[in-house]
Amino acid sequence: MIEISKDYELKSFGRFSEDLSIPERLKDRLLELTGSFKKVGNLYLSHLGDDGKVTGLEKKELVEGLEEVLIFVVMLRRIDFAPSQDRVSIEKSEGKFKLELKFVEKSLWQFTGVMLSDYQIRNRNFKEWFNVTLSDEIKKFLAIYGSAIADKEITPDERSSITAQLDKLFLEIVEMIVYIERFMLFQ
């Protein structure tokens, strides 16, 4: 769960599933990432229902679904593409939105961050963000990964491109969780 203070300081921590954190299970992690993504889309559609609105409890379920996607993004980064990198800083809009992801041990991670008051969340519609922005970022990740493994060997440059894309996904998901928690009207 991501904690969000009044002044938009963010923090969270998590632990990977022991079963899925075995290095040889990359394919399973990729399947879980895409499955979790689809699950969030289905949750959103089911929550709209007849009234076309997402209520407080439904927003909570969307956040939990996105946090599950986030865990798989973090797992892929740590286990498969940057296992030796214990700390990463990611930012958007010249540092107005920044996060630091730190790995405490192999399967334990935490992040802290801040969203400054002058940072503007661009996507103000969950459906559009999910179907366009997040969907495109996941497709880009899968395309970069697919291209990298086409010759059966991932070069350092390809690995760097993959982790950069995972970092974009990480930022997007955290930003949308903040949006849902603090700004999303019942839509």
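Me: What should I know about numbering and about which parts of the model count?
Reply: Residues count from 1 along each chain as its sequence is written, and side-chain values use heavy atoms, with hydrogens and water left out. This is a predicted model, where local features need pLDDT of at least 70, side-chain atom pairs count only at pLDDT 80 or more, and totals for chains, interfaces and linings use all residues.

Me: At what angle do helix H3 and helix H4 pack?
Reply: H3 covers residues 126-149 and H4 covers residues 156-182. Helices (H or I, at least four residues) and strands (E, at least two) are DSSP runs, numbered from the N terminus. Axes are lines fitted to C-alpha atoms, for helices over the stretch in contact, and angles run from 0 to 180 degrees between N-to-C directions. On that basis the axes are 9 Å apart and the angle is about 165°.

Me: Is H3 roughly parallel or roughly antiparallel to H4?
Reply: Angles under 35 degrees count as roughly parallel, over 145 as roughly antiparallel, 65 to 115 as roughly perpendicular and the rest as oblique. With an angle of about 165°, H3 is therefore, relative to H4, roughly antiparallel.

Me: Which residue classes make up the contact of H3 with H4?
Reply: Contact means heavy atoms within 4.5 Å. Trp129, Phe141 and Tyr145 are among the H3 residues involved, and H4 brings in Ile162, Leu166 and Met176, among others. For the classes, Ala, Val, Leu, Ile, Met, Phe, Trp, Tyr, Cys and Pro count as nonpolar, Asp, Glu, Lys and Arg as charged, and the others, Gly among them, as polar. The tally is 14 nonpolar, four polar and five charged residues.

Me: How is H2 oriented relative to H4, roughly parallel or roughly antiparallel?
Reply: Helix H2 spans residues 56-81, and its axis is 10 Å from that of H4. The angle is about 160°. So H2 is, relative to H4, roughly antiparallel.

Me: How many nonpolar residues are in the contact of H2 with H4?
Reply: The contact of H2 with H4 includes one polar residue and seven charged ones. The nonpolar count is 18.

Me: Is H1 roughly parallel or roughly antiparallel to H3?
Reply: Helix H1 runs over residues 26-48, and its axis comes within 11 Å of the H3 axis. The two cross at roughly 165°. So H1 is, relative to H3, roughly antiparallel.

Me: Which residues of H1 touch H3, and what are the class counts?
Reply: On the H1 side they are Leu26, Leu30, Leu33, Thr34, Phe37, Val40, Gly41 and Tyr44. Their H3 partners include Phe130, Leu134 and Ile138. By class, this contact of H1 with H3 has 13 nonpolar, three polar and one charged residues.

Me: Is Phe81 buried or exposed?
Reply: Phe81 is found in helix H2. Setting aside neighbours within four places in sequence, Phe81 is in contact with residues including Leu26, Phe141, Tyr145 and Ile162. Buried means under 20% relative accessible area, exposed over 50%, partly exposed in between (1.4 Å probe, protein chains only). Because Phe81 comes out at 3% relative accessibility, the call is buried.

Me: What does the side chain of Ser12 reach?
Reply: Ser12 is in strand E2 (residues 9-15) and, at 8% relative accessibility, counts as buried. Beyond its neighbours within four places in sequence, its contacts include Ile2, Trp109 and Phe111. At 3.1 Å, the Ser12 side chain reaches the backbone oxygen of Met1.

Me: Where is Thr133, and is it buried or exposed?
Reply: Thr133 sits in helix H3. Not counting residues up to four places away in sequence, Thr133 touches Asn123, Glu128 and Glu172. With a relative accessible area of 18%, Thr133 is buried.

Me: How accessible is Ser161 in H4?
Reply: Ser161 lies in helix H4. At 37% relative accessibility, Ser161 counts as partly exposed.

Me: What is phi for Glu94?
Reply: Most residues other than glycine have a negative phi. Glu94 is in the loop between strand E3 (87-92) and strand E4 (97-105), and is exposed, with a relative accessible area of 78%. Its phi is positive, near 55°.

Technical notes: A polar contact is a pair of N or O atoms within 3.5 Å; within protein, one must be able to donate a hydrogen and the other to accept it, and residues adjacent in sequence count only if both atoms are side-chain atoms.
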